[in-house]
Amino acid sequence: MRVIESGQSVACARLHPLDQRLARLVLTMADRSGRDLLRTTHDRLAILLGVHRPSLTMALGELRLMGVVGVGRSRIWITDRAALERATCECYAVIRGEYMATGGERRGQETNDTNRIAIVHRSAS
């Protein structure tokens with residue numbers, strides 16, 4: 001799974017705009033944590049997406065204005081999952097499908113959302 005996810009993430013970074021990549025990352029983090037409330041910072045998301053923090057903040061603001069996420073201190077929450085899924089690129093469906101096919105859905109486990117994604121991201125490097 002990690003190889004497919006890493007390859008898809010690399011392709012996504014080259015082909016899709018930041019707001020779509022951010023939507024994909026938020027959805028992926030929510031899937032992995034089993035919660036729509038993510039405890040993470042703008043800095044960590046910017047690092048994971050390979051962008052400068054101000055760019056990330058602007059993209060997150062766009063998603064907030066669309067009404068698909070809420071933003072608070074070290075927290076992001078999904079307010080309209082269906083609309084957020086429409087706002088993402090097709091890479092999310094590929095990554096989610098692979099995750100589900102390999103026994104995904106870890107609902108109820110307490111984890112640091114960003115660290116889980118970061119570990120997957122680093123292991124493919």
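The model is predicted: local features need pLDDT of at least 70, side-chain atom pairs count only at pLDDT 80 or more, and totals for chains, interfaces and linings use all residues. Residues are numbered from 1 along each chain as its sequence is written, and side-chain values use heavy atoms, with hydrogens and water left out.

**Whole chain**

Show the chain as a cartoon. It has seven helices and three strands, where helices (H or I, at least four residues) and strands (E, at least two) are DSSP runs, numbered from the N terminus. The order from the N terminus is α-α-β-α-α-β-β-α-α-α. Of the 125 residues, 43% count as buried; buried means under 20% relative accessible area, exposed over 50%, partly exposed in between (1.4 Å probe, protein chains only).

**Helix α3**

Select residues 42-49, which form helix α3. Which of its residues are buried? They are His42, Leu45, Ala46, Leu48 and Leu49. These residues lie on the same side of α3 because they cover an arc of only 165 degrees around the axis; the arc is that of the directions from the helix axis to the C-beta atoms.

Two packed helices are described by the angle between their axes and the distance between the axes. Axes here are lines fitted to C-alpha atoms, for helices over the stretch in contact, and angles run from 0 to 180 degrees between N-to-C directions. The axes of α3 and α4 are 9 Å apart, at an angle of about 105 degrees. The two helices are therefore roughly perpendicular to each other. To see the contact (heavy atoms within 4.5 Å), select His42, Asp43, Leu45, Ala46 and Leu49 of α3 with Arg53, Leu56, Thr57 and Leu60 of α4. This set divides into five nonpolar, two polar and two charged residues. Ala, Val, Leu, Ile, Met, Phe, Trp, Tyr, Cys and Pro count as nonpolar, Asp, Glu, Lys and Arg as charged, and the others, Gly among them, as polar.

**α2 against α4**

The contact involves Leu18, Asp19, Leu22 and Ala23 of α2 and Ser55, Leu56, Ala59, Leu60, Glu62 and Leu63 of α4. Of these residues, seven are nonpolar, one is polar and two are charged.

**The strands**

Select β3, residues 75-78: Ile76 and Ile78 form its covered face, Arg75 and Trp77 its uncovered one. Strands pair if DSSP finds at least two bridges between them. β1 (residues 37-39) pairs with β3 in the antiparallel sense over three bridges, and arginine 39 stands opposite arginine 75. β2 (residues 69-72) is joined to β3 by four bridges, also antiparallel; there, valine 71 has isoleucine 76 as its bridge partner. In the hairpin of β2 and β3, with two residues between the strands, serine 74 takes a positive phi near 55 degrees.

**Last stop: leucine 60**

Centre the view on leucine 60 in α4. Is leucine 60 buried or exposed? Leucine 60 is buried, with a relative accessible area of 1%. Not counting residues up to four places away in sequence, leucine 60 touches Leu22, His42, Val69, Val71 and Ile76. C-alpha to C-alpha, leucine 60 and valine 71 are 8.1 Å apart, and they are eleven residues apart in sequence.

Definitions and conventions: Angles under 35 degrees count as roughly parallel, over 145 as roughly antiparallel, 65 to 115 as roughly perpendicular and the rest as oblique.
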